[in-house]
Structures are given as C-alpha cells and as structure tokens.
Protein chains: 4
Amino acid sequence: MSQQKLWFMSDYMEGACPEIMEALAATNLEHTPGYGTDEYCEQAREKIKEALSCPAAEVHFLVGGTQTNATVIDALLKGYQGVIAAATGHINVHESGAIEFGGHKILALHQKLGKISAADIEARILAYNNDPSRDHTVMPGMVYISQPTEYGTLYSLKELQEISRICKVYGIYLYVDGARLAYALACPENDVTLKDLAQLADAFYIGGTKCGALFGEAVVFTKPGLAPHFVTTVKQHGAMLAKGRLLGVQFGTLFSRDKDGRLLYEKLGENGMRTAAKLRKAIESKGYRFLLDSPTNQIFVVMEDSRIEKLSQNVNFEFWERVDGTHSAVRFVTGWATTEEDIDGLAALL
Amino acid sequence: MSQQKLWFMSDYMEGACPEIMEALAATNLEHTPGYGTDEYCEQAREKIKEALSCPAAEVHFLVGGTQTNATVIDALLKGYQGVIAAATGHINVHESGAIEFGGHKILALHQKLGKISAADIEARILAYNNDPSRDHTVMPGMVYISQPTEYGTLYSLKELQEISRICKVYGIYLYVDGARLAYALACPENDVTLKDLAQLADAFYIGGTKCGALFGEAVVFTKPGLAPHFVTTVKQHGAMLAKGRLLGVQFGTLFSRDKDGRLLYEKLGENGMRTAAKLRKAIESKGYRFLLDSPTNQIFVVMEDSRIEKLSQNVNFEFWERVDGTHSAVRFVTGWATTEEDIDGLAALL
Amino acid sequence: MSQQKLWFMSDYMEGACPEIMEALAATNLEHTPGYGTDEYCEQAREKIKEALSCPAAEVHFLVGGTQTNATVIDALLKGYQGVIAAATGHINVHESGAIEFGGHKILALHQKLGKISAADIEARILAYNNDPSRDHTVMPGMVYISQPTEYGTLYSLKELQEISRICKVYGIYLYVDGARLAYALACPENDVTLKDLAQLADAFYIGGTKCGALFGEAVVFTKPGLAPHFVTTVKQHGAMLAKGRLLGVQFGTLFSRDKDGRLLYEKLGENGMRTAAKLRKAIESKGYRFLLDSPTNQIFVVMEDSRIEKLSQNVNFEFWERVDGTHSAVRFVTGWATTEEDIDGLAALL
Amino acid sequence: MSQQKLWFMSDYMEGACPEIMEALAATNLEHTPGYGTDEYCEQAREKIKEALSCPAAEVHFLVGGTQTNATVIDALLKGYQGVIAAATGHINVHESGAIEFGGHKILALHQKLGKISAADIEARILAYNNDPSRDHTVMPGMVYISQPTEYGTLYSLKELQEISRICKVYGIYLYVDGARLAYALACPENDVTLKDLAQLADAFYIGGTKCGALFGEAVVFTKPGLAPHFVTTVKQHGAMLAKGRLLGVQFGTLFSRDKDGRLLYEKLGENGMRTAAKLRKAIESKGYRFLLDSPTNQIFVVMEDSRIEKLSQNVNFEFWERVDGTHSAVRFVTGWATTEEDIDGLAALL
C-alpha cells in the first residue's frame, strides 16, 4: 500500500532485514521457554558481549525504545533522583511523559545540535550540590545522552570521555540511548566504538527497531549487579516480550559476523550512511542549504515552502520547523532499507 | 533447539501461525507510517469491529498482555479507584506489580476455580458504598475478569450478564482479559460469543500472543470516547509498538475469514480445543484424576510425584501445586500449535 | 461544639495535651529555620534516641500516620518490591491506596486479631523464593506490623523477636506502625519496650497524633543510612511540615521526663490505659460480651442493636460490624484525654 | 533560641498569629470528628466562600503548600496531561519532584520576573495542538501560576484575565498558587481581589503557612464537581490532617472580620507590606540597588560580598545569586510577624 511514494520519513517504516525474517521463519515452530530465558537470547547475549569486549556485561532484550528508556532510568534512579538530559532529548519531548509516569523529573539542559557538554553537566550537578535548599530539589542521578542525537549529531570519543569522567567524579550514572546506534557506528566521522561505549557508559542500549530489526532493543549494563531483579522491573514497565526468543533470534542475527568478521549490524548501518552520503551530495548539488551539519542518517534541509508542498506529493518526509516567511526545514532519513533507487528517485524530484 | 522434548508448558512457546508469518514476509519491505496509523491496522480494526457487530467500538493494538492490562486499567480508572479482581487473577499474581506501579490497588475477591460472582462483586461495592469511612479507602472503579480464567474455566453467558448488570447498576467498568480468548470461543461448553463480549463489557482484549500471533493484543473499547488520548497513555505505559503495522498485519490475518466464513482466530482456537479434548481423553483413560474441571486448553492433572519426575525428562509442563505427601498437580497446555502427534507422544508417556 | 455528647470515637478527637499547648505558646514567636533543621527538632531527636538507648538511630518528624507509612515504605522498598502486611493492616484498608499510589503492592497475609505470625511471614517469603515464576511476581521487601494492632492487640516480645529474626534471615525490612504506641507501652500485658523496638525493627514510628500531640509522628530508622536523602523523599510524599519546629517542640515535650524520670509520652499512654481498664470493668459488670480480647485502649463490645441505637444518642462511638440478626459490635476508644468522668458518664448509660 | 539575630529569611519562621494561638487553645479539649468533617471546618468554609462571593465554591483544608500543589494538580490532570508553569515556579524547582512523583510532567515556560504571559501559554498550547506527533508528547492540561510569584511580583488583573481567557478557549485549567496570597492582597500595586481569583481561576489556594497560620492551606475549587472524591485523593497524596479541625479553627480565625469588616487575613498581609515598604525605603536611603522591582514582601537587594558576609553575623537572610565578581543579590522577606523594631534593627545594620 502507499507504495507509489518515496519514503524518507524515518528509519522504522519497513519491517526487518531479510536475514532476520529468514531466521524468524526458520525458528518459528520451535518451542522455547519465554521471557528471554531461551537459548537464542543466551547466544545473542554472548555475541553482544563479545562484540563489546565486555564479558561482565549484563544484556537484556526489551520491546522498544520508550519502554527501554523508561525502564532503565527507573531501574537505576532512586525515587528522589532525576535524569539530566538535553532539552531536545527523546525522553524529554517524544515519550509521552513516560519518565515522569515512572516518577522522575527530567533535568533539561541547554543543548547545541542535540548535544550537552561535560561542562554544563558538571555545572548542573554543582548547582545541586551547592544549593543549601537542595533537599527540596531533585537530585541528579543520571546523565542521559543519545548517540547519535535527535539531530543526527555525534558525541566524539573525547566528549564522551569527558562526560563519563564527570559522571564518575560525582557518582552518577551515564546512560546512552542508542536507538540509531548502527548509523553512528557506521559514520565516517564517528570515533566512538561499541567497546568505548561499554567502557564509558554504565548502561546503554543498542537499537534494533530503527536499525534493521522488526522491533527490539538490547540493553547493556556494563557492570554486573547495577539493576537487581531487572526482569521484574522490565515487566512492570511494559517492556517485556512473552516470546522473548523473538528478540534473541533478531539480535543473534544482527550480531552475527560474515566471513570477513563484520557484524550484520554494522553493515545495516553502512547502508544507511552510504545512502545518506549520496543524498547529501544530491541535495548540495541542487543548491539547497542544510539546516545544520548532521553527519549521520538524518538530513535537515532548508527549502522553499512551495517546493516542500510539491515534493510532498511524491515523497514522505518530515516537516521540521519554519525557518522564515517563505522557507522551512524538512528532514529526510535514510536507513538500513533505503536503496540506491530511492535516492535516485528523490534526487530527480528535488 | 531442545526439540527432543514434548512441550505442554504453555501456549506461547512457539512463534506464529504460518498465515501470519506469510503475511509478515509479504509486507515486510513495504513502507507505512508508525504507531498504528497505517492501513493494515485500519483494516484489522474494521475486521474486528465487523466480527463484534460493534461498529462504534474503538480498537487498539498493543504489544502484550501485561502491557494491555496495565494500560487499560490505568486509562479507565481515576486515581482514587482500584480494580476488583479474583485473588487468582493474572493482574494480581503474575504481572510484577504493574497495576500498582500505575498507582492502583487491586481489590482481590474470593474466587472459585478462578471465577468471581456477581453477588460477591456487588457485596464488595456495597461494602465500600456503605462504609462511613469510605473516603479513606480505595473506591472500586472496575471489575476485571479473565475469559477463560487462569484455571481454564469459563464464565457462562448468564454469569457474564449478571456481572455486567451489577457493573452498570453501580456505574463501574467491566473489563475482560482475553489473553486466551480463542480457546474460550472454540470451547464446546462456551456460550459467550465475541458479540456478547462487545455488548456486556466496557473493554476487553482479544489475545494474540497465546492464540497464534507472534505477539500482540487487540484492545476493544465497546463505546467510543471511554479513553481519550489513549495512544498517549499506551506509549506512556510501554505498550506501544513503533512499527504498529506488524500488529495490524497479524490481527488482520487472524480476523480474516476462509471461504466458509470462518475466522482464522476461531480455527486456531479449535486446534487448541481439539488437542485438549484428545489429551483429556488420554489422561482419563490412564486413570488419572483431574485437579479441577477445566473445559478449555489448560488441563490440571494429579499425579504421583515419582511419575511427574519421570515424565519431566521427556515433556515440558508446569508444576502447579502439591496435593498430598506423594502427589502433586501439574498443568498441560495445548494450543494453536499443538499437533496430534504431540498428543500421541504425550499419551504414550503417561 | 457538640460537647453535650460523650466521645469514645477514637483517640484523635481532641487537640493536644496541655504541656504541648504550653510549649507551643511559649515558643510561638521565636524564629527558627524550617523543615526540621531547628534546635527543637535536634533536642527532640536526642531525647528520643536516649529513650531508645539507640544513639545511632536517625529520627525524623513527619506530619501524620498515612504520610509516614507511605513515605517510609517507599523509601525502603525497591520498585520491584512489595510489603507484607496483615489483611487488616491500616495500610491495606484505611489509607486510600497511598501505598499503591507510591507504586508498591501490599502482600496481604491472613491475620488473627490483627496480628500476623512469623511462620506465615516465612511461608510467604518462601512462596516467593521457591516460585520459578517469581520474576513475574512482586518480591517481598518488608514486613509491616502495627503495635498495637488495629484491633488493639499486642505482639509479645517473643513474637516480635521471631518476626525480626525471619526478616533478618531473608534480608527484608521490619517496619512497625506505632500510631498508638503510647497505649502499647503503657499496657500491663505489654512486654515490648521502646528499646526492644529499636533493637528488633529496622524502622518504626512513634505516634503523636493519637497519643497527645496536635499532630505528628516520629520516624525512627534504627541504623544509620537506611534511607539516604530521606528529607527529599519526605517532601515528595507530602509528609513534610514547613515549620518543622512545631513537631520538634511537640516531641521534645512528649519525651521530657518528670522528676521521677518518667516520660510524658508514657504518662499519656497510662491515662488511656487506666480509663480503658475502668471502662472494661464497667462493661463486664453490665454483662456485655467483648467481641475480642483487646488489652489496650480499643474496646470492642457486642450489644443489642436497639441498645446501640439508644446509646448513640448520647455517646459518639464507632459501629464495628454486625454480629447476628439482633446484635452488633461497637468500638469504644479511650485515650490521653479521656477523663474519669467520661467513663462514669458512659458507664451510667450502658 | 537563636533570638539574638534578626530574621528576614522567610515568612514561615515563626509560629502563628496570636488570634490563632488563642483559638487553638480555646478549642483544644473539645471533641470533634476528624478529617475536616467538623463544624469549625464547615464555618471556615462558609466564611471563605463569603469572602470570595462564590457560594458554589468547594473549599478544602490541606496541610502544606507542596502537598496542596501535588494533590490539586494530580486531581485535575488526566494521566496523559502535564502542567504549564514558569521555569521558576515553585513546583518546578522547590518541591522535590512531587509533581513528577504523581506522574505528571511540568511543561516549563520562559518567564519574566517569575511571570508567564498569556501569549506564551497560548503558543505552548498551539505547539501541542499543531504537532502531528502530539500523541507522543505530553498534553497541556493546566496552567499553574503563583500570586505573588517566587520573585514577589504580581499578575495584574488584566494579565490574569488574559491567561484565564486562554485557558477557557483551549479547555485547560487555571490553578493559582497563593502560598503568599495575603501579601498580594495587601499590596498597594495589586488589583486582583479574592473575588477576581474565584472568577478567573478554576482552582487556587489561600496560603496559611506563610500568612499567619501555624500551617495549612485552603484549596478553593471555584466550580463544584471539578475533583470528585477529592478527600480520598488528598489522603493518598499525604495532604490530609487527622485533626482537621485544627485547620478549620485556623482558617475560621484568619477569615474572621473585625468590627470594621476587615479580614484578619488582610491585616496580617498588611503588616508584611507595611514593614516591607519601610525596609525598602531604608535600603534605598542607604544607596543599595534592587535586583528587581518586587512590590510585595520579598525584597531582592544587590550588595558587596564583604557587606553580605558582615551582615550575616547579625541577620538571617537568604543568599539569592551572584551578580558579579564582588557583588551578590540577597533576599529579605518580611511577613505577618515582622515588627517595626525588626526593620529599625536591620536598617541600622545596613
């Protein structure tokens, strides 16, 4: 349905990569115990820990991104704590208040291109520590960042190290939302590896939903024992899948290596980046201006409103924001499923 | 894996019925908008409303059973209200406290074979209404029942009508958990149809996870406007799937009719009931005693402990409870995926 | 107003004991910092710790009983835990669902005369520990008992020691609701001292509201560090008083010693017990039957309905429950403010 | 204690006005039913409704300000809604996350001197209404403002009318935090009366704690039926006082009229304003600069750090914020209890 249009709305508009569909079909009538206690989940956990070079990590598979954020944040925070995040962070704007439903305040920080700085984080923590009335305020207990951010930008390794250091100094958790992590990992400008994340963050999640899985995210606690009885917390927060093995089969597939030792997860990200690069080039060649410099698979372009109107007859994409009286910014997203033909088609319409 | 054993542990140990796997494969690379706004969801909603003869119903697709219960209950109750349920109700025993996480007390009632009576419900409501200190207690705002119950038993149409009437008289909601509804509908002893549910309950859910889907449940509000902004509530409670069309495709398939006009959902239930009947017969013929008279796809059998021990080497099933010094009750569950060969295999081992 | 009637409704129907009213008047126009950081609170804390022989204790002053229960329980429990309590426990029946509002399930136990047994507690913990599906249930994290209970009964020292031992063995908290603790301490049948409570419980509260204060309860954590940042939690749960010194002044007065070294708190309890004893005698002499044997300041009496009706024209008391077609049980409560004349007046009317 | 210093820290550093202390003493040993069902509460409610010229109003007495805000906001909002407030609003900064504990997000708006504008409120509502992804965000369900604000500033009648109009147009509630309302009402610059509040707001509270009461706030719902079963919600949120009559006696006293028909509440506010005016004059005459133009009883003054240091040896006041390398702003608060001698004393030290 609706196949006549080109789709650049987001990276979760299709099903799953063929390898996953095949693996699900191949295992469909097998019987396994539920809730992630099966062998497929166990194997996927091992593959992920190996990819992270972090044998002590605890890995859990949850249904989706909002579920994951709400569950991990509530599991790690005490009742009197809140989470520091960019004002533009997904948890602060697009999760229907799920974090507050769990009882925690989001301590929103000023951001630049979706990123917050170690200096601003430290200042926020010190503002609490130095406030004589701090008992009447919410204590920062965690820093939430996304990699890539909601603007498609990336934290550099140096930036992440600084944030991680500040978190350790003040004894609060660092949690990284990796909903689109595959595209960060595949980005030529990126210098933060999975292993870096495992060393620098207390917890993060490896996004499946937007990176080639039907659905599902892999939560990694990089040290054991951070979230006791996490399974109960997961179920309580609506993040549990009864047939947990569906997640195990998917992440086992995503973290399988080809004969050259490359992870499928990396290759899916690369498709998103390759098509994004091609699209970026086409946009530039047509003389459009970018709203901001976003190195991953989200591309923000300033266009005349009349052109946007016309383009939207043939292409699905997201209106982002008004720029001036006659121009607006729109967002094109490529992904694991974007084809060369999709880009050619869009380029022809630009 | 683990394929050498026979599986009677529960009805969610496999993937999905072949029709669903084919539909998911066929639509896999299509592009659709997310969160249930796609045409597959729309079509599935129409099919369900038609099957219910309830054109005014609102239908939503959620990820799983616990998510559904927690979301619907919190959406319909006021903050000062709780939910009446059997002490053995799934929400009271096996949902990790998800209802209380949402802030609501479960007002547990005495049950018989998993069922609560209209008389006991009315008495509970009156106990509140007549309590001069009722402002200091939790007001009953809903009745939760499951059809079939956690013991595999069924509410008769008459019982359901009585409960529905009491709910209407006192102005509280009736919500029916249909996690295993397909097996209720297919049970020869059952006289409650989908249309009856649509007329008698304010809300109920049609279980997918245990009835042939990979995952997913279809929530039905039988009157419009009961839960405004329900989508936001769904997301907040962790019950939202980004690629909502996966649920639409599945329920569209489950509610497709064959050339004789029969729903796939009904036929999947019938397989569960047919194999259950065959198994019940085998158990009887071997001289075992049933723990209780359960007409659907859960069969509770009393066995000598030594026999249970031995049987468990070749069969996966659930230990239920100790009966006496040398006997215990165990549970065998059949389902949409159970084969005649499975039953023959188990019968040979009994 | 309404002074013509005799009042035996409960022990919080008057203001405060004269000593407290005087202390509040004497300090009324002094300036102090807020929220319990003043010297009166500090002095009261020291007096309480001295009375407990527990110098390591942490003492906090909260507004009322429900606030205290909701705050302490949520402060000590993890999100995935619930609290074991008698089905008749105040938190389970008369706190408007405040514990569930905080996200925790009450794991109600069968009780006898308001008391639960160490054996039943252990069985409940083992039921969780031995349940292969325990991850899907609520983990017991605390035992809540009240001393005296809602039926006016008392845990003996031996019973309390056994419960405390079970809690230690299984690593869960023991918390004692002492809303009416003064009457327990003053009861001739009681053998549990304040010092015993400090040794056996992880937390308890010394009731002020029902024991001679205008309002307020003193929470005792018997070991330091159990509830970090408790002040924030207190405020979040609505249990904080801005002018905290009002609580310090009151508890400093209640825990002042007379020239014989006796605490005012003990003497207020003794008044409640002395008048209760006198009333019990009067009731017996009139030939009434007690509903149950309650040794403290709540007296449950079985009466003919016609007599109850008539008595209620001159006396305020609580209807408790119907006993048979012509009899009901009622409750008379004495307290710190009950006078000999009150008892004589009631006796004359019985 | 600590009486040697002058106190300008805040307006809740003392007990209660003498009239209240007398009324509490006079009624101390009377017996009344609890939880606000007594005649004193009833009389106080009538006096308040008369002062508001709003006979249809519902009036409830709660323990303190944070309790009141958390309770009213949760009572009026649906689970999927949040509350628009100034970023500097008390609920957003100094209530320990109590609003989020109740599950609601605070939608913080840019403010000027503690105030938000009708235009910004409308823009925020429209941002939600016009967002195609609004289902994934938190719906604005209420506007929270404080009168006077946390900076001591006032909404004019015109501003309040505009905000009220916007709320009505878009169907969301207007709630006014009147923690220091007596000082607003007594301010010469103020043109918003109690009757205006009753006409323009859906709910507001008349602050007692900071305006001459020992503690307590009077919640006014200006139309009946806005918050059904509010008493249960109050108790659940920790805002209930067992001996409710203490609040009735206090508010009955505060809303008593003298022979000239003036409310004690007004006169207490006038004392705060008279002493504030005198202090403001003294500060000006000494050549200090005000941080901002605050017309009520909070005075923000810029001083050299060395002078602040010295002054703090004899005066208790609050450090507000650093202004430059050698200056900071401090806050002096007068109140119902401030005397002319206090001002003379402070003036001499400036």
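This is a predicted model: local features need pLDDT of at least 70, side-chain atom pairs count only at pLDDT 80 or more; totals for chains, interfaces and linings use all residues.
Me: How do you know what confidence chain A has?
Reply: pLDDT is the predictor's confidence in each residue, from 0 to 100. Chain A has a mean pLDDT of 97, and 99% of its residues reach 70 or more. As for the model's scores, ipTM is 0.96 and pTM is 0.97.

Me: What makes residues of chain C and chain D count as being in contact?
Reply: Two residues are in contact if their C-beta atoms, placed from the backbone, lie within 7 Å. By that test, 45 residues of chain C touch 45 residues of chain D. The elements of chain C giving two or more residues to this side are α1 (18-26), α3 (65-76), α5 (98-101) and α10 (230-236). Helices here are DSSP runs (H or I, at least four residues), as are strands (E, at least two), numbered from the N terminus.

Me: Which classes make up that side of chain C?
Reply: You get 21 nonpolar, 18 polar and 6 charged residues. The sorting goes like this: Ala, Val, Leu, Ile, Met, Phe, Trp, Tyr, Cys and Pro are nonpolar, Asp, Glu, Lys and Arg are charged, and the others, Gly among them, are polar.

Me: What about chains D and A: which rotation superposes them?
Reply: A rotation of 180 degrees with 0.0 Å of shift along its axis puts chain D on chain A (RMSD 0.0 Å). The two copies are thus related as by a two-fold rotation axis. The same surface serves both, as 100% of the contact residues of chain D recur in chain A.

Me: How many residues meet there?
Reply: 16 residues of chain D are in contact with 16 residues of chain A. The chain D side holds 4 nonpolar, 9 polar and 3 charged residues.

Me: Why are α6(A) and α7(A) called roughly parallel?
Reply: Axes are lines fitted to C-alpha atoms, for helices over the stretch in contact, with angles from 0 to 180 degrees between N-to-C directions. Angles under 35 degrees count as roughly parallel, over 145 as roughly antiparallel, 65 to 115 as roughly perpendicular and the rest as oblique. The axes of α6 (residues 118-129) and α7 (residues 157-170) of chain A come within 9 Å and cross at roughly 20 degrees, which makes them roughly parallel. Ala118(A), Ile121(A), Glu122(A) and Ile125(A) of α6(A) contact Glu162(A), Ile163(A), Ile166(A) and Tyr170(A) of α7(A). That contact has 6 nonpolar, no polar and 2 charged residues.

Me: What makes α12(A) and α14(A) roughly parallel?
Reply: The axes of α12 (residues 264-285) and α14 (residues 340-349) of chain A cross at roughly 15 degrees and come within 10 Å, and the two helices are therefore roughly parallel. Thr275(A), Lys278(A), Leu279(A) and Ala282(A) in α12(A) meet Ile343(A), Leu346(A) and Ala347(A) in α14(A).

Me: Why does Tyr35(D) stand out?
Reply: Most residues other than glycine have a negative phi, and most peptide bonds are trans. Tyr35(D) is not a glycine, yet has a positive phi of about 65 degrees. Tyr35(D) sits in the loop between α1 (18-26) and α2 of chain D.

Me: Where is a cis peptide bond found in chain D?
Reply: From Gln147(D) to Pro148(D), with omega near -5 degrees. Pro148(D) is in the loop between β5 (139-146) and α7 (157-170) of chain D.

Methods: Residues are numbered from 1 along each chain as its sequence is written. Chains are lettered from A and ligands numbered from 1 in the order in which they are written. Copies are superposed by least squares on the C-alpha atoms of residues with pLDDT of at least 70 in both.
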